[in-house]
Amino acid sequence: MTEQRRIAAEGRLRYKCGVRATKFEFEKRFWIICAIYLIGFCISAFDHNPFIVALRHLIAPSISPGIPQAIMFARIVILAGALLVFLAAGLRTWGAAYLRTEVVHDTAQHSEALVADGPFRHTRNPLYLASLAMAAGIGVLASRSGFVFLVLANWIFVYRLILREEESLLKTQRESYRAYFQAVPRFWPALKPRVPSGNLRPDWGQAFAGESFVWLFGFAELLFAATLSPRPGLVVFLLAFVAHFLITRHIQKHRCA
């Protein structure tokens, strides 16, 4: 990297430091994201127009409510949302296989090593990209305004988290991260790997365990699509939260042992 490009990269990072997430936000990121989802779905108390209905009015206004075509349209939209959640689960699992679950779900920030293998060869932030896909996938079950809020609020929050991690990695990894920063896109992935493959070997077992709650979110949405009833899906959503807490607690105990 030339000196001019190095200075430009550092300047961009410093410029964005003012909007980066705080230490508290990073440590409590799971609960903040949960709060975003809660607010997004509570918006339906004010906006009674479901996203699915608004989308149907936009792209298929000739379909009247209550008829079989309207029901099929709702199933298709929810299935599309479930596919987005499964895509997010797959991307998060791929990333966790290299980054390790104890790092992914740790409340502390880790910048002692630079992982540039697996999906990190295509995008610097595959886990945050997956979070946005999950917000869009689950958001189809919300109101029209709730969907917009979920996507925008998640995007703004993860972007601020990204800026915090970039600043920390630049301080600890220096030239290696500057080169990686220039080669690999921050968010939207490159189709071809931008850096050579490293020596890391993926650990898929712990990755699937750590991201099992996202896979369960996808199955919950499939139940919504199949039954068009909220109860079965809500049960699976709750099971997903329980699985997340049990698995992360087990990982933390194992790490401290």
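Predicted model: local features only at pLDDT ≥ 70, side-chain atom pairs only at ≥ 80, totals over all residues.
Residues are numbered from 1 along each chain as its sequence is written, and side-chain values use heavy atoms, with hydrogens and water left out.

What is the angle between helix 7 and helix 8 where they pack? The angle is about 170°, and the axes are 9 Å apart, where axes are lines fitted to C-alpha atoms, for helices over the stretch in contact, and angles run from 0 to 180 degrees between N-to-C directions. That makes helix 7 roughly antiparallel to helix 8, since angles over 145 degrees count as roughly antiparallel, under 35 as roughly parallel, 65 to 115 as roughly perpendicular and the rest as oblique. On the helix 7 side, the residues in contact include Tyr 128, Leu 132 and Ala 136, and those they meet in helix 8 include Phe 147, Trp 155 and Ile 162, contact meaning heavy atoms within 4.5 Å.

Now to the charged pairs. The structure holds nine salt bridges, each being a side-chain nitrogen of Lys or Arg within 4 Å of a carboxyl oxygen of Asp or Glu. One of them joins the side chains of Asp 47 and Arg 144, at 3.6 Å from N to O. Asp 47 lies in the loop between helix 3 (29-42) and helix 4 (51-59), and Arg 144 in helix 8 (residues 144-173), so the pair ties together parts that are 97 residues apart in sequence. Asp 47 counts as buried at 10% relative accessibility, whereas Arg 144, at 41%, counts as partly exposed.

A second pair is Glu 211 with Arg 92, whose closest N and O atoms are 2.6 Å apart. Glu 211 lies in the loop between helix 10 (204-210) and helix 11 (212-227), and Arg 92 in helix 5 (residues 68-99), so this pair ties together parts that are 119 residues apart in sequence. Glu 211 is buried, with a relative accessible area of 0%, and Arg 92 counts as buried at 10%.

Arg 124 forms a salt bridge with Glu 166, again with the closest N and O atoms 2.6 Å apart, and both Arg 124 and Glu 166 are buried. Salt bridges that share partners also join Arg 20, Glu 167 and Lys 171 into one network.

Finally, the chain as a whole. Its secondary structure comes to twelve helices and zero strands, and buried residues make up 47% of its 257 residues. Among contacts between residues at least 6 apart in sequence, 81% join residues at least 24 apart.

Technical notes. Helix = DSSP H or I, 4+ residues; strand = E, 2+ residues; numbered from the N terminus. Buried < 20%, exposed > 50% of the residue type's maximum accessible area, 1.4 Å probe, protein only.
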